[in-house]
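Subject: Structure handover

Hi,

Here is the structure I promised to pass on. Have a look at it first, and then read my notes below.

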Amino acid sequence: MTGILDSVNQRTQLVGQNRLELLTFRLMGRQRYGINVFKVKEVLQCPKLTSMPNLHPLVKGVAHIRGHTVSVIDLSLAIGGRPTTDVDKAFVVIAEFNRTIQAFLVTSVERIINMHWEAILPPPDGSGKANYLTAVTNIDNELVEILDVEKILAEIAPVDETMDANIGEEIAQAQEEKQIVRRILIADDSTVARKQVERAITSIGFEVVSVKDGKEAYEKLLEMASEGSIYDQISLVISDIEMPEMDGYTLTAEIRRHADLKDLYVILHSSLSGVFNQAMVERVGANSFIAKFNPDELGNAVKSALTAE
């Protein structure tokens with residue numbers, strides 16, 4: 001798979017243009033899947049796997065890759081399919097999510113496709129809450145499913161969602177001193193990630209307005225602004241970056257361009273990593289960026305928003 005991924009720096013040019021590149025692959029069947037290239041570090045022929053005691057049932061084994069020991073997750077099995085066979089002929093997609101490196105075992109890797117986020121659509125109605133999709137798209141007249149990797153990882157290694165009580169107390173004090181609106185808009189296409197943020201935010205006394213993508217967030221903000229000053233209705237926006245139809249960078253840029261929304265405090269909260277994040281935060285006018293998911297860091301970012309002059 002040498003050459004399937006170019007340098008990240010070349011691909012950052014897509015960010016902020018509401019575009020992405022999908023790495024497409026297949027599992028144990030005909031269905032085609034995709035993952036954002038920004039999350040992918042490397043694609044390799046599956047190395048030798050070592051079994052270890054007490055591994056999670058979805059972990060096929062561990063591999064030594066670039067001097068690190070990495071758990072290899074059987075992606076087919078993780079989404080309820082058949083376990084991957086012919087491991088020697090399979091591939092691993094090395095990706096970075098939520099500050100950690102994972103390896104996903106896939107049957108075959110195909111190609112990278114440059115797309116517009118408007119072509120990436122929410123899962124169809126009726127797909128149910130048990131599905132592992134954040135979005136779908138159509139490539140070459142074939143449905144491509146984009147997996148909710150955060151949901152898969154949360155099932156394998158649940159994160160601690162408890163926020164430090166001191167942070168909550170400091171936020172409560174800031175609310176009382178400034179008479180801050182106790183309402184925050186949250187946008188995230190991953191059901192698991194959205195619920196994590198919701199629970200953290202409600203635990204510090206805020207009401208949540210929750211939406212599943214940037215387009216829906218922007219429409220909701222416009223609706224609220226038509227009813228009165230937006231600043232009397234919400235105190236800030238917390239948005240994921242990669243979402244169907246409109247990404248978080250584009251959402252932020254649209255907020256900054258709209259006269260009734262332009263002074264909203266925007267926190268971008270994403271599992272995306274890389275040196276481009278801070279530059280893009282500044283480019284589109286977001287106030288801050290935090291990586292998923294650390295409840296204390298989220299709480300401190302909210303506190304900074306509420307105490308900002």
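The notes below go through the cavities, the strands and helix around them, and a separate sheet.

First, some housekeeping. This is a predicted model, in which local features need pLDDT of at least 70 and side-chain atom pairs count only at pLDDT 80 or more, while totals for chains, interfaces and linings use all residues. Residues are numbered from 1 along each chain as its sequence is written, and side-chain values use heavy atoms, with hydrogens and water left out.

**The cavities**

The structure holds 3 cavities of 30 Å³ or more. A cavity here is a set of points, on a 1 Å grid over the protein atoms alone, where a 1.4 Å probe fits but cannot get out. Grid points are joined across faces, edges and corners, and the volume is the space filled by probe spheres set on the points. The largest cavity has about 190 Å³ of space. It is lined by 21 residues, and Lys39, Thr134, Ile146, Leu147 and Glu242 are the closest to its centre; a lining residue has an atom within 4 Å of a point.

By class, that lining has 10 nonpolar, 5 polar and 6 charged residues. Nonpolar covers Ala, Val, Leu, Ile, Met, Phe, Trp, Tyr, Cys and Pro, charged covers Asp, Glu, Lys and Arg, and the others, Gly among them, are polar.

Which elements supply at least two residues each of the lining? They are strands S1 (19-26), S2 (32-36), S9 (133-139) and S10 (142-147), together with helix H3 (149-156). S2 gives the most, with 3 residues. Helices (H or I, at least four residues) and strands (E, at least two) are DSSP runs, numbered from the N terminus.

**The elements around the largest cavity**

S1 and S2 form a hairpin with 5 residues between them. They run antiparallel and are joined by 5 bridges; two strands count as paired if DSSP finds at least two bridges between them. Within this pair, Thr24 has Gly34 in S2 as its bridge partner. S1 is also joined to strand S8 (residues 108-116), by 7 antiparallel bridges, with Arg19 opposite His116. Because 7 of the 8 residues of S1 are buried, S1 is largely enclosed by the rest of the structure. Buried means under 20% relative accessible area, with a 1.4 Å probe and protein chains only.

S2 runs parallel to S10, with 3 bridges between them, and Tyr33 stands opposite Glu145 in S10. S10 in turn pairs with S9 through 6 antiparallel bridges. S9 and S10 form a hairpin with 2 residues between them, and Asp140 in the turn has a positive phi of about 55°.

H3 is mostly covered, with 7 of its 8 residues buried. Its buried residues, including Lys151 and Ile152, pack against several elements, among them S10 and helix H5; contact means heavy atoms within 4.5 Å.

**The parallel sheet**

Five strands form an open sheet with parallel pairing, in the order S12-S11-S13-S14-S15. S12 (207-211) and S15 (288-291) stand at the edges, each with a single partner strand, so one side of each is left without a neighbour in the sheet. Within the sheet, 3 bridges join S13 (residues 236-239) to S14 (residues 266-270).

H5 (residues 191-202) lies across S11, S12, S13 and S14, at about 165° to S12. Angles run from 0 to 180 degrees between N-to-C directions, with axes fitted to C-alpha atoms, for helices over the stretch in contact.

Best wishes

Conventions
On a 1 Å grid over the protein atoms alone, a cavity is a set of points where a 1.4 Å probe fits but cannot get out, and a pocket is an open set with protein on both sides within 12 Å along at least five of seven lines; lining residues have an atom within 4 Å of a point. Buried means under 20% relative accessible area, exposed over 50%, partly exposed in between (1.4 Å probe, protein chains only).
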